[in-house]
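Reader: I would like to learn how to read the features of a protein model with some care, beginning with a single residue. Could we take it step by step?

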Amino acid sequence: MAAPLASKAATAGTAAKPPFPELDFRSGARVEELNKLIQEFTKHDQREYDDQRALEIHTAKDFIFSMLGMVQKLDQKLPVANEYLLLSGGVREGVVDIDLDELNVYARGTDYDMDFTLLVPALKLHDRNQPVTLDMRHSALCHSWLSLRLFDEGTISKWKDCCTIVDHINGATNYFFSPTKVADWFYDSISIVLSEIQKKPQRGMPKVEKVEKNGTIISIILGVGSSRMLYDIVPVVSFKGWPAVAQSWLMENHFWDGKITEEEVISGFYLVPACSYKGKKDNEWRLSFARSEVQLKKCISSSLMQAYQACKAIIIKLLSRPKAISPYHLRSMMLWACDRLPANYLAQEDYAAHFLLGLIDDLQHCLVNKMCPNYFIPQCNMLEHLSEETVMLHARKLSSVRSDPAEHLRTAIEHVKAANRLTLELQRRGSTTSIPSPQSDGGDTNQPDDRLAKKLQQLVTENPGKSISVFINPDDVTRPHFRIDDKFF
């Protein structure tokens with residue numbers, strides 16, 4: 001049998017040619033260069049928090065929790081012992097499935113330095129062990145109305161002014177919890193509380209730079225020291241257990257099988273104030289699996305997450321007009337890819353470029369076919385309502401990215417570097433007038449606050465998106481007692 005040519009060359013003493021650099025067939029870009037650009041983007045996008053920044057994060061969170069305690073005290077509508085879900089990233093970053101077309105445009109660096117989403121239950125249904133059956137007769141898939149018949153008379157009495165009323169032929173009255181009316185009440189209540197707080201400002205209290213109602217969410221930007229933090233606060237309905245409409249999803253094989261338990265994945269879900277394309281805004285809520293997504297994120301490799309973040313930065317800029325594609329669509333495609341592809345392939349540390357190109361291809365495929373199934377309820381097509389003209393416009397834009405991914409990555413890097421420069425400039429200007437923590441008396445700030453800052457820095461970096469339970473004494477809202485998962489502080 002003839003020896004391979006490479007062996008003959010080696011025998012003859014001829015040096016073998018070096019392997020040709022790996023190229024992306026479509027664009028001709030070198031995969032090694034794309035990997036380096038993704039790493040550079042990640043370096044600038046994920047900044048380290050020093051002790052001062054960690055303390056400012058804590059101060060802002062403390063202020064938001066105290067404010068919500070005062071909202072509860074206004075009319076006793078919110079549960080006294082409430083459980084919030086705090087997510088890293090604002091609504092515009094796609095952390096929850098809420099339409100972006102009603103939201104004002106905020107830019108990192110220009111308007112804020114860090115952004116969070118806080119899901120605040122207005123109502124809780126937490127005593128059910130069986131699958132939760134919702135009233136979906138009047139709404140599109142993945143949406144539901146919510147009748148207060150599920151609750152006691154006290155709850156109905158408290159919330160009836162935030163309901164739409166439907167009278168039946170038999171004379172019975174049904175109160176349907178209205179997402180728009182709840183959002184109006186929430187915004188009015190927060191405005192009242194913030195007005196009262198600002199009448200008696202305390203030393204070290206965050207400066208409220210902006211309070212706006214964006215559709216059904218309330219956006220608050222706080223200035224704390226040299227940091228500006230955006231909180232998108234979303235009133236939700238919280239459920240323990242799992243919705244009956246998503247039961248079939250549990251029967252399928254998933255990438256997280258064996259990595260986390262089913263109990264962690266199906267511990268609860270939400271209704272968020274968002275309606276379908278043809279739905280009735282006053283009545284229709286959207287199912288959200290944000291709590292489950294926090295758990296699933298633990299099972300996604302760092303290289304895939306880096307590719308996702310870079311791809312998200314590209315599409316947020318490129319596909320902003322008309323607003324048809326949100327980062328949440330990209331998140332759903334990533335979860336489907338995790339189910340579709342072998343785990344050992346997705347775990348490759350130097351495959352971020354392959355993953356980025358694949359995500360762009362996936363998104364373009366979804367647009368051309370006008371099909372993006374919801375990960376938890378696959379029969380729900382999240383792109384069904386889009387016009388042919390809109391999907392083809394965005395598909396053509398993505399085609400330009402696919403033809404030159406390196407250039408679009410460089411643009412994303414420049415944007416995030418510019419945002420960081422704005423943040424650093426603000427920090428330099430404010431360094432001489434940095435706001436001390438409310439826990440500080442202006443004396444020695446290197447004692448308990450410093451230790452607290454280090455602890456909080458570790459929590460912020462290691463536990464993004466954890467479930468935070470807040471137990472507030474309505475008679476002393478200045479001291480919220482909170483728990484992150486099973487850790488108490």
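Author: Let us begin with arginine 137, which counts as exposed because its relative accessibility is 68%, where exposed means over 50% relative accessible area, buried under 20%, and partly exposed in between, with a 1.4 Å probe and protein chains only. This is a predicted model, in which local features need pLDDT of at least 70 and side-chain atom pairs count only at pLDDT 80 or more, whereas totals for chains, interfaces and linings use all residues. Residues are numbered from 1 along each chain as its sequence is written, and side-chain values use heavy atoms, with hydrogens and water left out.

Reader: With which residue does arginine 137 form a salt bridge?

Author: A salt bridge is a side-chain nitrogen of Lys or Arg within 4 Å of a carboxyl oxygen of Asp or Glu. Arginine 137 forms one with aspartate 135, the closest N and O atoms being 2.9 Å apart, and aspartate 135 is buried, with a relative accessible area of 16%. By this rule the count comes to 23 salt bridges, and Asp24, Asp361 and Arg402 are linked in a network of them.

Reader: How far apart in sequence are the parts that the pair of aspartate 232 and arginine 92 ties together?

Author: The side chains of aspartate 232 and arginine 92 meet in a salt bridge at 3.0 Å, N to O. Aspartate 232 lies in strand S8 (residues 227-240) and arginine 92 in the loop between S1 and S2, so the pair ties together parts that are 140 residues apart in sequence. Helices (H or I, at least four residues) and strands (E, at least two) are DSSP runs, numbered from the N terminus. Aspartate 232 is buried at 0% relative accessibility, and arginine 92 is also buried, at 15%.

Reader: Which salt bridge does glutamate 56 form?

Author: Glutamate 56 pairs with arginine 53, with the closest N and O atoms 3.7 Å apart. The two residues are 3 apart in helix H3, so about one helical turn separates them. Glutamate 56 is buried, with a relative accessible area of 1%, and arginine 53 is buried at 6%.

Reader: What should I keep in mind when I read a strand, and which residues of S10 are buried on each side?

Author: In a regular strand the side chains alternate between the two faces of the sheet. Strand S10 (residues 285-288) has both faces covered, with Trp285 and Leu287 buried on one side and Arg286 and Ser288 buried on the other. Two strands pair if DSSP finds at least two bridges between them. Strand S3 (residues 143-144) and S10 pair in the antiparallel sense over 2 bridges, and tryptophan 285 in S10 is the bridge partner of serine 144. Strand S9 (residues 268-272) also runs antiparallel to S10, joined to it by 3 bridges, and leucine 287 in S10 is the bridge partner of leucine 271.
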